[in-house]
Amino acid sequence: MLINVESKKSVEEIRSAIEEKAKSKGFGVMAIHEVTKILESKGVPINYQCLIIEVCSPKHASTMLQKNPYVSTAMPCRIAVIDQGDRRILSTIAPTAVLDMFNIPEEKALAEEVEKLMKEIMEEAS
């Protein structure tokens, strides 16, 4: 399941806002991948701007990783920013959907908390 938020802001405005809002919610920005520029430099361009911003909450990550180290394969959380001409879409995979893959239903409340925070980051950044 995807969580999508629409914005009229520029990609750069959204990028800055995500960095700011993530920090205010206890998340750190781990990396920013400028997908469009990377693909263009490899000779396989796409016709729209796309960024992937990786964010992580150390508190939540530590709890999940203590329960199941394989959760690390789905970390950190990623927010894609996709330019659709007159609007931008912020999109992420719902942490609750990812949780099902790892068979740790006892951590549903934690996944719901991370999901709530991710939605807030995206909505406040949009």
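Me: What volume does the largest pocket have?
Reply: This is a predicted model, where local features need pLDDT of at least 70, side-chain atom pairs count only at pLDDT 80 or more, and totals for chains, interfaces and linings use all residues. Residues are numbered from 1 along each chain as its sequence is written, and side-chain values use heavy atoms, with hydrogens and water left out. A pocket is an open set of points on a 1 Å grid over the protein atoms alone, where a 1.4 Å probe fits, with protein on both sides within 12 Å along at least five of seven lines; lining residues have an atom within 4 Å of a point. Points are joined across faces, edges and corners, and probe spheres set on them fill a volume, here about 490 Å³.

Me: Which element gives the largest share of the lining of the largest pocket?
Reply: Strands are DSSP runs of E, at least two residues, and helices are runs of H or I, at least four, numbered from the N terminus. Elements that each supply at least two lining residues include β3 (50-56), α3 (58-67) and β4 (77-83). The largest share, four residues, comes from β4.

Me: How many disulfides are there?
Reply: A disulfide is a pair of cysteine sulfur atoms within 2.5 Å. The sulfur of Cys77 is 6.9 Å from the closest cysteine sulfur, in Cys56, so that pair is too far for a bond. The count is zero.

Me: Is Cys77 buried, partly exposed or exposed?
Reply: Buried means under 20% relative accessible area, exposed over 50%, partly exposed in between (1.4 Å probe, protein chains only). Cys77 has 22%, so Cys77 is partly exposed.
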